[in-house]
Amino acid sequence: MSDQATGGGSGIIGMGRGSYLWLLVFFLAPAVLIYSIFSIYPLFATIFNSLYLRQPDGSYLFNGLGNFHTLLTDTTWSAPFWNAFRNNCYFFLIHMAVQNPIGLALAAMLSLPRLRLRAAYRTLIFMPTMLSVVIIGFSWQLILSPLWGISKMFLQTVGLGFLFAPWLGQENTALITISLISVWQFVGIPMILIYTALLAIPEELIDAATVDGLNQFQAFLWVKLPLILPTIGLVSILTFVNNFNAFDLIYAMKGALAGPNFSADIMGTLFYRTFFGNQLQLGDLSMGSTIATMMFVIILIGVMAYLFLIQRRMQRYSF
Amino acid sequence: MRKPASTFVVHVILILYTILALFPIILVIMNSFKARKAIFGSPLALPTPSTFSLIGYDKVFGDNSIVSYYINSITVTGSTIFFTLLLGAMAAWALTEYKFRWNTLLTLFLAIGIMVPIRLGSVAIIQLIVQMNLINTLTALILVYTAQNLPLSIFILSEFIAQIPKDLREAARCDGLSEYNIFFFIVLPLIRPAMATVAVFTMIPVWNDLWFPLLLAPTGGKQTITLGIQQFLGQYITDWNAVLAALSTAIIPVLILYIIFSRQLIRGLTSGAVK
Amino acid sequence: MSEVKIDKLCKSYGPVEVLKDIDLTVEDGSFVVLVGPSGCGKSTLLRSIAGLEPVSSGSMTIGGKTVNDLPPAQREIAMVFQSYALYPHMDVYSNMAFGLKFARTPKAEIDARVNEAARILQLEPLLKRRPRELSGGQRQRVAIGRAIVRKPQVFLFDEPLSNLDAALRINTRVEIAKLHKMLKATIVYVTHDQVEAMTLADKIVVMNKGRIEQSGEPLDLYYKPANIFVAGFIGSPAMNFLGATVKKNGAVTLVDGQELKLKTPTAAKAGQNITIGFRPEHTTLHGNKDLKFKGTVDIIERLGEMGFAHLRLSSGQTIIAEVRGDPGMDIGAATNIGLAEEHLHLFDGNGNRF
């Protein structure tokens, strides 16, 4: 039996098959066990749970894909679900449209040769990413609060005082505001990833472009940018996974109800609320699992799409 | 060849953005040291001797639980880092060095964890923790965070271990060291830089996480500092001094750690992403 | 007219002077090679001509036009980089056409030029391929093609052969020489390999520590090196150097006491300490020549139809002699080496030729 596990013999000369097996177990077992029990098993258990419906008497009845059907079509469930899904999409789009281009622009500037204070800029701009969302969320709540009036003051100094409103408290602006705060916090990550990719481009290539007659901006657009497309793809997929998994910031700023009137509700908060219950409803294990499984499916679809559609085409750009 | 004008513009943009990035933080810390009137009266001013006040901090630290929250966070983060590094290095070593049938499969199995968010299994995790009678303990957090960070840790450490010259390991074998000795006395010391990187990379998300402390250890004095601050903020929401002080208390240690370790952190972030 | 004239060019990085007082003329249509050890400044000089590096003082003209403040694109130069610097995300055709597109050259013209270059360099079957799919030699040809389509006044080559394996290097060297003749181009070429320099150049410029040691035709540098550095750099194996003192009667005494009687008078003064030099390939075994060196055979390197004998003089110094055929010497045998006086070089205390 130990032969089978090791593929027919010890990999080390002089060590018997039995001891080789123990060697492997010693090194691998702890990590694999913890990972399987607390990471993989729960995932499958959740998917499993989503196939069962909790009965009034507390037992669980197999329901096949019934829960999903309920989630997607039964108004009591589907309205909040589609609301959360739609909000999550907006959340993601805002990140893609604001966070990633800003990160790209900052990275492009930081990667300019002979830029002084480069490391200082990088360290300082990355700082918000380090802080917990609790801090970020609350700090911004204070800054945007009409009571303190700081943001109003700033807008007034640039003549845009009329724009000010309690954005966080208004239904139509709450989500965008929170999204922008999230962008503000996490811009550092695409910035650093793209910056590193830009550094990997050989300087000689830019010299060749300069000799070919391109100025700095053109060289960036036509030479550097195509070569970092794989990294931009990576950043996009990371943004996608993170956004559809997000919870912390919205919970910190708006609580589990993600108000006002669920306008800031995304998949993560919906999941939390469903599973744990709140003042409006009891916790529901089955539907909670169902929502979690849906999130998993959505993320999986996104990752698969990325791997098959985009990753394949990215091969073109490797050195 | 480069026009000084364009360099100037670049610096202006970078400085403006840096101010944008730092401003909220500075504002909060600055105002946490001011009396309530000054916070509202002159929010942008630095604390002066007349406006200086520690009243917020009194409230934050008055209730001794803040200190215990810090200790909880340190325990959880520290232990997670320890186990992630140790178990991760061991697994990375075995997967890189030893040939056996399930090697590739196991590697793929562990790689899944990098992409799949562990939070989605929270329902089952809670059930598991409850069954194991570990609800409201730090142990639960440590186990979950370790599981969450192992895949990436194994991946990064594997890359590093693969770079150790084969000759070194073979010389050690010729010298008569057992495989276990080789790991603990030769390999581990050599991958210290990578381990430092993984440590820093793991530290921040674990310290800052809100989700799992909320789910697994929300009461009974086992809160982490992140959760504790969140609860405190919820409680004292109208007391601006206390709130600002609490935020600053949470910010400053992280800031200090960050400034010390920023280089490793950025290196870790980039090596983890290149896959 | 695409002559390059460089006048008193200096370049410093802060306190460090990397180019000192460079005066150089590259005649129209000539092939000039900048050669020297690592760090001598040859690449820096090339990049300064290209406009990729700023200079601290001095002037440069290309084709009569002063180019000091012009960006590379306006200097009418084209550069072939050491690692070829091909754009990985474009095919060969686009790589060559890239610069022309930005210069707003009409499409028909671009097409004509690219195809012409492809024909000259035998790249026609490769036009649709990406750099990744090409061999080192092919990539290099594309890099040269990219330079040709620009129809520049001057071609600048930065160590183009150093990334090729030995056999390919020799072939490509010949190809580059042929290209020069066909295009009648003005070329400035950088290499650390003195064999490349000797075979390709109309004029060699030997550089060391930011200065030009000597510039001239290859054979001039070979037969009349201006100083010890050039003498030791050109020629392989390197020239033998021995310390000596001048005697009153026009003879020269080596450190180990051997005396060499010189027929031609020299500018060296009696009592002066000098260095003598001679090339291994000018020595003969069992010399029946003007000058004789006595030594014992230490090592013999046999290469087939010739070999190198390393002789130890009684002073402990070693000289290398080239011998034809199988020398039939034994290790440890006492031997005489002969040298015709015309092949003896004398250098003064500063290393300069008399």
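Reader: Which hand does the crossing of helix 2 of chain C and helix 4 of chain C have?

Author: In this predicted model, the crossing of these two chain C helices is right-handed.

Reader: How is such a packing described?

Author: Two numbers describe a packed helix pair: the angle between the axes and the distance between the axes. Here, helix 2 (residues 92-102) of chain C meets helix 4 (residues 136-149) of chain C at about 30 degrees. Their axes are 9 Å apart. Angles under 35 degrees count as roughly parallel, so helix 2 of chain C is roughly parallel to helix 4 of chain C.

Reader: Which residues in helix 2 of chain C meet helix 4 of chain C?

Author: Helix 2 of chain C brings Val92(C), Asn95(C), Met96(C) and Leu100(C). Helix 4 of chain C answers with Val142(C), Gly145(C), Arg146(C) and Val149(C). By class, the contact has 5 nonpolar, 2 polar and 1 charged residues.

Reader: On to strands. How many bridges join strand 11 of chain C to strand 12 of chain C?

Author: First the general idea. Side chains in a regular strand alternate between the two faces of the sheet. Now the case. Strand 11 (residues 240-246) and strand 12 (residues 251-254) of chain C run antiparallel, joined by 3 bridges. Thr245(C) has Thr253(C) as its bridge partner in strand 12 of chain C. This hairpin has 4 residues between the strands, and Gly250(C) takes a positive phi near 80 degrees.

Reader: What of strand 12 of chain C and strand 13 of chain C?

Author: They run antiparallel, with 3 bridges between strand 12 of chain C and strand 13 (residues 259-261) of chain C. Val252(C) is paired with Leu260(C) in strand 13 of chain C.

Reader: How is chain B divided?

Author: Into domain 1 (4-53) and domain 2 (58-273). Their C-alpha centres lie 33 Å apart. Each domain of chain B gives 7 residues to the contact. On the domain 1 side, helix 1 (4-32) of chain B gives the most, with 5 residues. Helix 2 (36-41) of chain B supplies at least two. That side has 4 nonpolar, 2 polar and 1 charged residues.

Reader: And between chains, how many residues of chain A are in contact with chain B?

Author: 62 residues of chain A contact 64 residues of chain B. Helix 2 (residues 17-49) of chain A provides the largest share of the chain A side, 17 residues. That side divides into 48 nonpolar, 13 polar and 1 charged.

Technical notes:
Residues numbered from 1 in each chain as written. Chains lettered and ligands numbered in written order. Predicted model: local features only at pLDDT ≥ 70, side-chain atom pairs only at ≥ 80, totals over all residues. Contact = placed C-beta atoms within 7 Å. Nonpolar A, V, L, I, M, F, W, Y, C, P; charged D, E, K, R; others polar. Axes fitted to C-alpha atoms, helices over the stretch in contact; angles between N-to-C directions. Parallel < 35°, antiparallel > 145°, perpendicular 65-115°, else oblique. Left-handed = near helix turned anticlockwise from the far one by under 90°. Domains from an automatic or database assignment. Pairing = 2+ DSSP bridges.
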